[in-house]
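I set out to record what can be looked up in this model.

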Amino acid sequence: QRSVEFDQTDMEMKDYPAGEYFVQRNILDELGLDEVAQKGTWSTKPTPGERVKESLRCSASRVKHTALSWVPVLGWLPQYSFRENAIGDLISGCSVGIMHLPQGMAYALLASLRPVFGLYTSLYPVLVYFLFGTSRHISIGTFAVISIMIGSVTERLGPDSDFIGNGTNGTESVNFDERDAYRVQIACSLTLLAGIFQLLLGVVRFGFVVTYLSEPLVRGYTTGSACHVCVSQLKYLFGITPARFTGPLSLIYTLVDICRLLPGTKVPELVVSLVALSVLIVVKEINACYRQKLPMPIPIELIVVIAATIITHFGGLTSKYSIDVVGEIPSGLKAPRVPDATLFSNVIGDAFAVAIVGYAINISLGKTFALKHGYKVDSNQELVALGLSNTVGSFFQCYAVTSSLSRSLVQESTGGKTQVAGVISSVIVLITILKIGALFEDLPKAVLSTIVFVNLKGMFKQFLDVPMLWKTNKVDLLVWLVTFTSTILLNLDLGLAVSVGFSMLTVIFRTQLGPSQGNGVSLRLTETSTNDPNKGQVNRAYQHDTTMSDSDSDAGCHTYDSISHVSHHSDKGKGRACGSGTHSIILDISATSFVDTVTVKTLKNVCVCQGPCVDVINLIITCVVEQLETAGFFSESIPKSRLFVTVHDAVLHILHKLGQTDFILVDCKGKLICEGCCYEQADHDVHPYVCLSI
């Protein structure tokens with residue numbers, strides 16, 4: 001409370017040393033407080049009837065607002081600046097389109113589908129997201145984790161044993177055409193159901209569901225998924241055919257069977273794999289080392305695909321050494337058809353898991369780029385956009401999509417400013433499907449598997465989370481390890497369920513066993529005004545929506561989406577923040593029982609991103625301070641001198657720093673005697689502060 005109160009009988013102002021303050025008032029009981037505060041009984045909430053009436057009201061402005069919120073492209077495309085964005089979007093779109101080709105074909109193998117379906121998946125959903133998405137930089141399409149989740153279902157419901165028939169010489173053989181056609185039906189049905197789940201969650205504004213996937217959980221899950229992806233591709237590298245296992249411990253059984261079959265390795269396929277793997281690793285490291293100097297990354301994946309196809313075709317490697325190749329890639333587009341709804345009952349659990357994991361990856365990546373570039377990503381609209389991408393794509397024989405980190409980084413780093421880059425990448429994929437797709441029929445599958453391996457590097461680097469979490473937050477480390485272990489041992493579907501359950505238990509236990517009965521952490525800025533320069537102002541460049549909490553990113557564990565950020569990469573954003581009426585922010589964390597690694601990152605963003613425009617943080621509970629120290633929160637830029645015992649201490653510190661003293665004189669009954677401000681500088685403007693209650 002910004003006041004210093006005096007009894008009416010004691011009006012003498014006393015001088016106190018800097019850094020001290022004095023409060024004198026009568027003891028207040030509840031009745032006295034109600035009288036002093038002039039407590040009223042009113043409500044600003046509309047009645048149910050008023051809410052229904054408001055929802056049924058129709059006007060031109062309301063229709064326009066609804067259209068722009070559901071179809072965001074109608075808002076930004078008419079204002080598209082060709083001079084500022086066209087060149088960057090063109091270069092970015094071409095770069096991403098070149099990446100879509102090898103990754104689409106490679107990740108289709110993870111889904112146990114023919115490579116052409118990976119190209120379809122890189123085409124239709126991207127166009128749908130262009131219309132309905134709110135992120136400007138993410139690249140929608142195939143992704144390793146989602147592909148392996150789809151593949152586990154297609155192989156479980158469409159195993160080779162169901163398609164064994166008599167061969168021409170009386171031996172039994174697998175009818176690959178029938179098997180692959182049925183697996184496509186399974187993938188499309190699962191994708192349609194996952195899209196419906198995402199659409200329903202988005203329509204009912206249920207985007208906060210991703211808050212139950214904390215950052216350690218998502219990173220542990222994707223790391224475990226990367227191990228599944230790695231093991232599934234070993235058969236192509238060594239040219240062997242291991243048995244297929246299902247259920248818990250299937251990954252272990254598969255790995256044991258692969259080791260048993262290693263003496264039968266096809267040396268030519270192993271040589272092709274090692275050569276391709278070496279070239280990919282070396283050139284990708286060059287791209288990483290010289291990314292500041294290169295106008296765009298060297299498209300080594302496409303170069304390797306083209307070179308391997310040419311060498312295999314003209315060298316006759318298929319006939320001489322029986323190297324397994326991609327095979328027929330039909331040219332042209334197929335007519336849409338309705339997925340088989342009779343399969344829904346068999347894939348409903350897997351579809352929900354795909355929907356949640358895909359959305360978690362998508363929203364975390366989208367909000368990361370939004371924070372960097374200073375714009376807003378609507379969490380619920382992203383659910384709708386991803387749901388429509390999957391729903392529409394399923395009618396065109398696509399499987400489930402999400403954003404890819406590698407492609408998104410290329411799209412952003414090569415100058416992409418809008419999703420027009422996605423449309424340009426789709427044009428490149430379309431040309432490939434229509435005209436040149438058949439040229440890749442002699443591409444060795446081993447080469448595609450090496451592309452998958454190389455792109456897993458980022459996920460395997462997440463093992464470095466273990467020593468970091470050991471030093472900073474052992475509960476988050478436990479969540480990471482349990483998630484990783486359950487994903488490895490119980491497979492992707494059961495592993496996700498166990499991980500979410502365990503993560504929620506840690507929140508419950510930490511809340512109940514903490515020093516206070518807190519409800520976790522939820523940061524929320526109080527917006528005072530966006531127009532009046534004399535009042536507090538919130539930077540709306542990155543603000544949570546009214547119903548929200550990814551990967552990237554929560555009470556206790558979920559603060560990522562619950563706070564408004566100011567981009568520290570945007571000078572324009574800094575100018576708006578520093579030029580606004582708000583000069584200081586106080587974070588009142590007195591009711592917080594614990595903080596986790598995501599909370600620490602969020603608080604650092606608040607302190608560092610705002611720079612000189614934000615002054616203090618107020619923390620009270622000792623254990624929270626200890627946790628912040630353990631997590632490495634305090635530094636030269638965030639010293640402990642910005643930590644105060646009470647809100648009033650923080651307010652007085654701010655006023656002293658600004659060279660002003662705020663005072664209010666009241667009598668013992670709370671009646672105002674006088675108020676004013678004393679300034680050391682007469683021309684100093686009065687600025688408000690914002691108190692964030694956590």
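My notebook entries follow, grouped by topic.

**Basis.** I worked from a predicted model, in which local features need pLDDT of at least 70 and side-chain atom pairs count only at pLDDT 80 or more, while totals for chains, interfaces and linings use all residues. I numbered residues from 1 along each chain as its sequence is written, and side-chain values use heavy atoms, with hydrogens and water left out.

**Whole chain.** I took helices (H or I, at least four residues) and strands (E, at least two) as DSSP runs, numbered from the N terminus. The chain comes to 26 helices and 10 strands. I looked up burial next, with buried meaning under 20% relative accessible area, exposed over 50% and partly exposed in between (1.4 Å probe, protein chains only). Of the 694 residues, 50% count as buried. The accessible surface, from the Shrake-Rupley method with a 1.4 Å probe and, for residues, only the protein chains shown as cover, comes to about 32,600 Å². Carbon and sulfur atoms hold 62% of that surface.

**Annotated spans.** I checked the UniProt record, an unreviewed entry, whose annotation "transmembrane region" covers residues 107–132, 186–208, 270–290, 302–323, 343–362, 383–402, 422–440 and 484–509. The positions are in the numbering used here, feature names are shortened, and annotations may be inferred rather than shown by experiment. I examined two of these spans in the model. Residues 343–362 are 95% helix and 0% strand, with end C-alpha atoms 26 Å apart. Residues 422–440 are 79% helix and 0% strand, and their end C-alpha atoms lie 23 Å apart.

**Cores.** I searched for nonpolar cores, that is, sets of buried Ala, Val, Leu, Ile, Met, Phe, Trp, Tyr and Cys residues joined through side-chain atoms within 4.5 Å. The largest has 114 residues, and Met-149, Ile-150 and Leu-213 touch the most other members. Helix α15 (residues 344–373) supplies the largest share of this core, 14 residues. A second, separate core has 11 residues, among them Val-600, Val-624, Ala-631 and Ile-638.

**Surface patch.** I defined patches from residues with over 30% relative accessible area and no salt bridge, joining like charges within 9 Å and nonpolar side chains (Val, Leu, Ile, Met, Phe, Trp, Tyr) within 5 Å. A salt bridge here is a side-chain nitrogen of Lys or Arg within 4 Å of a carboxyl oxygen of Asp or Glu. Phe-245, Leu-249, Ile-252, Tyr-253, Val-256 and Leu-489 form a nonpolar patch with about 480 Å² of accessible area together. Helix α11 (residues 250–261) gives the largest share, three residues. Ile-252 lies in that helix and, at 36% relative accessibility, counts as partly exposed.

**Aromatic pairs.** I paired rings of Phe, Tyr and Trp (its six-membered ring) if their centres lie within 6.5 Å; planes under 30 degrees apart count as stacked, over 60 as edge-to-face and the rest as tilted. The count comes to 12 aromatic pairs. Phe-245 and Tyr-253 have ring centres 5.8 Å apart and planes at 50 degrees, so this pair is tilted. Phe-245 is partly exposed at 31%, and Tyr-253 is partly exposed at 42%. The pair of Phe-463 and Phe-484 is edge-to-face, at 5.4 Å centre to centre and 80 degrees between the planes. Phe-463 lies in the loop between α20 (457–460) and α21 (465–472) and Phe-484 in helix α22 (residues 474–513), so the pair ties together parts 21 residues apart in sequence. Phe-463 is partly exposed at 33%, whereas Phe-484 is buried at 16%. Ring pairs link Phe-460, Phe-463, Trp-480 and Phe-484 into a cluster.
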